[in-house]
Amino acid sequence: MTNPLLYPKGSTVLLLGNEAIARGAIESAIGFAAAYPGTPSTEIIEALASVAKDVGFYVEWSTNEKVAFEAAYAAALCGVKSLVAMKHVGVNVAADILMSSAYAGVNAGFVVVSADDPGQHSSQNEQDNRWYGMLAHIPVIEPWSPRSAYKLIKEAFKLSEKYKHPVIFRSTTRISHTRQPVTYEDDIPKPKTKGVFDRDIKRYVLIPIHGRKLKKILMEKWHKISSEEGKPPLVEVINPGRPKAIIASGIAYAHVTEALDYLGAKDDYTILRVSLPVPLPYKPVIDVAKDAKEILVVEELDPIVEYQVKKIIQEQGLEAKVYGKEYVPTDLDLDLEKVYKAIKMFRGETPETPWKPVEVPKVEPGIPPRPPVLCPGCPHRNTFYIIKTAANKAGLKDPIYTGDIGCYTLGYNEPFKTQMTSFEMGGSIGVAHGLSKVVDEPVIAVIGDSTFYHAGIPPAINIVYNKGRAIVLVLDNYYTAMTGHQPHPGTGYTAMGEETYRVPAEKLLESMGFKTFVINPMNVKESIEKVVEAYKAYKEGEYVAIVSRMKCALQAQREARKKGIKLPAYGINEDKCRGCMVCVNLLACPAIIVPEGKKKPVILTDLCAGCGLCAQVCPFNAIEVVREGSPDWIKAWM
Ligand code: SF4
Ligand code: SF4
């Protein structure tokens, strides 16, 4: 069956916002795309990779956002249209090259997709990346729906080509992860994938003497964009000439139109729909402010458009009074209710909604609140149990566990408590090093495999170079699991499905000077012994790294299903069980439950992934195989 992303012009397809961005990029004839996975941006590259060979462009998962940016930017310098995608915090990682790219410009369309996460649905903060546009002098385009994302990504490429300048395309979770029917406006062109590198050192070697001249060119471009780009589809004035106006940027525009529908007030206001919030084109703002005495700016998160509107009005000596964040919240994502209330206040009315809060029917018996837990069979559970047991055995007193970004962050919870910090990608190792210099307790940095390749290598080198005393523990489950099992340098294949060299984490660590211990946490006893050995080496003053390698349980089960392999399942022999609750209290596997009113646990066989951890932990050998696996079941986990 043909991939819907390849359907011809005129087809209407129900697309996820991220898929709509991908199709728009394909219609723009991209020849190169790169990214590091991160919610809510991941599906853009997944969608592009799914058709890359059919269309004939190149796609990669790079080791981090900075590397992805550099690779895609280099292609754009050579005249190949390129896209780089990342989640909002990924832009922090790529910020160095982002800033410089504005000075050097591009020679073909180059779009940086930043998928922001207002509401922090899966992120450590909700930074508003439109600031990066202001900071770097790179225009920002933001859509208000998946359909507009499809159209506007093409405008982003056009703008980039017109000014030979990078363009930031800012999506948000609610756009990236919403579906909407999209009608394809264009067929898929043949992309250009080869280019020429023009050795223009005055442009590409950013020494001060070159940089100062380039800054002047940059500011000229910036002024030109703000004065000339205030036209549809980037900016549109609706109902001109009204005495009151609403300026809405990005997804806020969708909420404003819906709220005005409810109020029956669609024709009462001039609406300025802004999809180019940075730099905000000043002509349409002046046009609106000449007639409107009062203006409400509605935008998600920070008052970036509001500041610019106020500046333009002040510079022009206009009298319009501008309202914004006094009515529109600065935190979390906007919704219809918040925007409706803001408009009511702008109208001088009480901020009440005509609809009543939705009554959620009470579920009987009540569902107990439960913190998010690791999946049944998750290798991190095994590793956490092993490292804690080994610490007790080796007399490693009160270790401090620094953590990182990945599924294993859930280790902060009971019963493991093996994540005591989690700030940013790779932060576990750098923070562990700093702690080890100032505290007496042993410090263990816990980092996932993909995160280690992403940002864990320089801080690991730093430990050895600067004589730190932190242990590095790499949790290698073969994939970037949290974002949907994308491959990474330790997986063995690329984004386009080609087999490739594997870069084993232990080889890297060994080369830095770490004494490295590799364990398979499926074998609990053997692993504990090895980790005890590792802790002893650490106590003797060695630099120690542990690589715990076992496939992600979801992927093991998926592969078993695909290959027709039956995995075993475990059950509790009631006669042997003494009800000690060791399996329940130390492992927190969702497949092991204690039925209400009972004193002994049971295993939900359908949930059990067959990892065998509980059977190895039970002190009374009460946990047994109740469903035999195929003879080769272990292969699914390797
Ligand atoms: S660890 Fe073994 S004996 Fe203890 S509750 Fe679990 S199954 Fe029963
Ligand atoms: S074997 Fe035990 S620990 Fe592993 S998934 Fe099944 S119930 Fe959970």
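The largest pocket has a volume of about 630 Å³. The points are joined across faces, edges and corners, and the volume is the space filled by probe spheres set on them. Of the 37 residues that line this pocket, Lys87, Ile405, Gly406, Met425 and Met482 are the closest to its centre. Two elements give two or more residues to the lining, namely helix H4 (88-104) and helix H16 (449-465). Helices here are DSSP runs of H or I with at least four residues, strands are runs of E with at least two, and both are numbered from the N terminus. By class, the lining has 13 nonpolar, 20 polar and four charged residues. In that scheme Ala, Val, Leu, Ile, Met, Phe, Trp, Tyr, Cys and Pro are nonpolar, Asp, Glu, Lys and Arg are charged, and the others, Gly among them, are polar.

A quick word on the ground rules. You're looking at a predicted model, where local features need pLDDT of at least 70 and side-chain atom pairs count only at pLDDT 80 or more, while totals for chains, interfaces and linings use all residues. Residues are numbered from 1 along each chain as its sequence is written, chains are lettered from A and ligands numbered from 1 in the order in which they are written, and side-chain values use heavy atoms, with hydrogens and water left out.

Now for the ligands. Ligand 1 is surrounded by 13 residues, and the closest are Cys577, Cys580, Met581, Cys583 and Cys618; to be counted, a residue needs a heavy atom within 4 Å of the molecule. Its shell divides into eleven nonpolar residues, one polar and one charged. Around ligand 2 there are also 13 residues, with Cys589, Cys608, Cys611, Gly612 and Cys614 coming nearest. That shell has ten nonpolar residues, three polar and no charged.

On to the interior. In soluble globular proteins, nonpolar side chains tend to be buried together. The largest nonpolar core in this model has 77 residues, of which Phe452, Val472, Leu509, Phe514, Tyr535, Ile546 and Trp637 touch the most other members. Helix H18 (residues 524-539) supplies the largest share of this core, eight residues. Apart from it lies another core, of 65 residues, among them Ala25, Ala52, Val113 and Leu159. A core is a set of buried Ala, Val, Leu, Ile, Met, Phe, Trp, Tyr and Cys residues joined through side-chain atoms within 4.5 Å. Buried means under 20% relative accessible area, exposed means over 50%, and partly exposed is in between (1.4 Å probe, protein chains only).

Not counting residues up to four places away in sequence, Phe514 touches Ala460, Ile463, Val464, Ala470, Val472, Leu509, Tyr543, Val544 and Ala545; contact means heavy atoms within 4.5 Å. Asn462 sits in helix H16 and is partly exposed, because its relative accessible area is 28%. Leaving aside neighbours within four places in sequence, Asn462 is in contact with His433 and Lys467.

Helix H11 (residues 282-291) has its own buried residues: Pro284, Val285, Ile286, Val288 and Ala289. What covers them includes strands E9 (235-238), E10 (244-249), E11 (270-274) and E12 (294-298), plus helix H12 (304-316).

Most residues other than glycine have a negative phi, and most peptide bonds are trans. The bond from Val278 to Pro279 is cis, with omega near -10°, and Pro279 is in the loop between E11 and H11. The bond from Glu414 to Pro415 is cis too, with omega near 0°; Pro415 is in the loop between strand E14 (400-402) and helix H15 (427-438). Tyr478 has a positive phi, near 80°, and counts as buried because its relative accessibility is 14%. Ala588, also not a glycine, has a positive phi of about 50°. Ala588 lies in the loop between helix H20 (582-587) and strand E20 (592-593) and, at 25% relative accessible area, is partly exposed.

Note on methods:
On a 1 Å grid over the protein atoms alone, a cavity is a set of points where a 1.4 Å probe fits but cannot get out, and a pocket is an open set with protein on both sides within 12 Å along at least five of seven lines; lining residues have an atom within 4 Å of a point.
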